[in-house]
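Me: I would like to go through this model and ask what lies behind the terms used for it. Please set each value against its definition.

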Amino acid sequence: MLSTETIYFVIFTSGLAVGFGHCIGMCGPIVASLSLNLKGRSGLIPHLLYNGGRITTYGLLGGVMGATGSFTLVTARIASLQKIVLVFAGIIIIVMGLAMAGWLPLGSIFGDHYNPEGLLSRGFRRLSETKSTATYYPLGMLLGLLPCGPVYTALIAAARAGMEAQSALRGSLIGLGLMLSFGLGTVPSLLLVAKLADLGWLKRRDIIYKVSSILMVILGIYFVVKGIRY
Amino acid sequence: MKLVVKATLLMAILCLMTFAICPTASNSEGKPKRVDCDVHAGPCSGSLEDIQITLDVEPKPVKAMKDLTFTVTFVGEKPVTNPYIDLGMPGMNMGRNRVILKPAGDLVYRGEGVIVRCPSGRRTWKAKVTVPDVGAVEFVFDVIY
């Protein structure tokens, strides 16, 4: 039997390993879409917030798994929510793709620079600009619910640790800690993808944005279809 | 030079976005070739050196995201250390999902575990039964979502 400290380390390295393998393939496109949507603006803080939100959800799920000690019980309860999140993620990506290319008249929902007139519109703009970066945290929290094989695997470890804990509270804390460790392990790979997709250095970005927009719309449709079938 | 490197990396990202869609479409069609065991029908057998190993998974049909009981039976020598099972997907790192087996009779070991569901639609999983200090044998099978 592994000690608690060893489990934390094992699950962190597991997060690191699946991050550079599985997550880049499955979550990388979402992160790349977020990066592209920033249109060259500094993306570190939004991406840190996105990852923070994602890890918060992992931690909360880990806490619940640890407290109940049952993986299947909790996942059965959240299955329909995950289906909705999968569809929602697809819709977000489609909207971002359309907005990025300028095919949506409202501009980007995550802080584009459209200039509405009138007191109400200006107020909304100011509000949306303030919220634009902060939006990435709740977005990360929501997308943290996306169904994902390695996350499930880490949650099994959290539930198992909870099952072996002396009390529900202790199980909950261990589950929380394990999932935070796992989430932290997945951050470097997704930050790398975010950095690579940051086009701030490119002078003529228009064509790239148009191509990326089309890919984002296709990707979004794929997510929606997967969500409906899930 | 720096520009070329960055442009190459950018293209890799764009390709990633494209290929994130494609592989799963082909994988979800048809039965993967590597499947060597039908866990829904009954126990699967494999051998490790001179030891015959049988793996059974209950309840049947074997479904993902359900509590499952894994039973490993040996024919021949009894292992010195308890065996264990690592569950994973062929060709994809899904993290460590280990089923701890405990003695449940003469040459029989049993443990609880869960096979998780991959949103990509892939259904092929492998159970790697490891006998410490001896070796490991893999069973590849499809699960039901």
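Reply: Two residues are in contact if their C-beta atoms, placed from the backbone, lie within 7 Å. In this predicted model, 34 residues of chain A are in contact with 24 residues of chain B.

Me: Which helices of chain A supply at least two residues each of the side that touches chain B?

Reply: They are α1 (4-26), α2 (28-37), α4 (71-100), α7 (149-164), α8 (168-196) and α9 (206-229) of chain A. The most comes from α1(A), with eight residues. By type, the residues on that side of chain A are 23 nonpolar, 10 polar and one charged.

Me: Why is B:Arg122 called buried?

Reply: A residue is buried if 20 or more other C-beta atoms lie within 10 Å of its own. B:Arg122 has 21 within 10 Å, so B:Arg122 is buried. This arginine belongs to the loop between β7 (108-114) and β8 of chain B. The C-alpha atom of B:Arg122 is separated by 8.7 Å from that of B:Met89, 33 residues apart along the chain.

Me: Which residues meet in the contact of α3(A) with α4(A)?

Reply: A:Val64, A:Met65 and A:Thr68 in α3(A) meet A:Phe71, A:Leu73 and A:Val74 in α4(A). Five residues of this contact are nonpolar, one is polar and none is charged.

Me: What makes β5 and β9 of chain B edge strands?

Reply: The open sheet has four strands in the order β5-β4-β8-β9 (chain B), with antiparallel pairing. β5 (98-100) and β9 (135-142) of chain B each pair on one side only, and are the edge strands. From one strand to the next the twist averages 20 degrees.

Me: How do you know that β8(B) and β9(B) pair?

Reply: Two strands pair if there are at least two bridges between them. Eight bridges join β8 (residues 124-131) of chain B to β9(B), so the two strands pair. B:Lys126 stands opposite B:Val140, and B:Thr130 has B:Ala136 as its bridge partner.

Definitions and conventions:
Residues numbered from 1 in each chain as written. Chains lettered and ligands numbered in written order. Predicted model: local features only at pLDDT ≥ 70, side-chain atom pairs only at ≥ 80, totals over all residues. Nonpolar A, V, L, I, M, F, W, Y, C, P; charged D, E, K, R; others polar. Axes fitted to C-alpha atoms, helices over the stretch in contact; angles between N-to-C directions. Buried ≥ 20, exposed ≤ 12 C-beta atoms within 10 Å, placed from the backbone.
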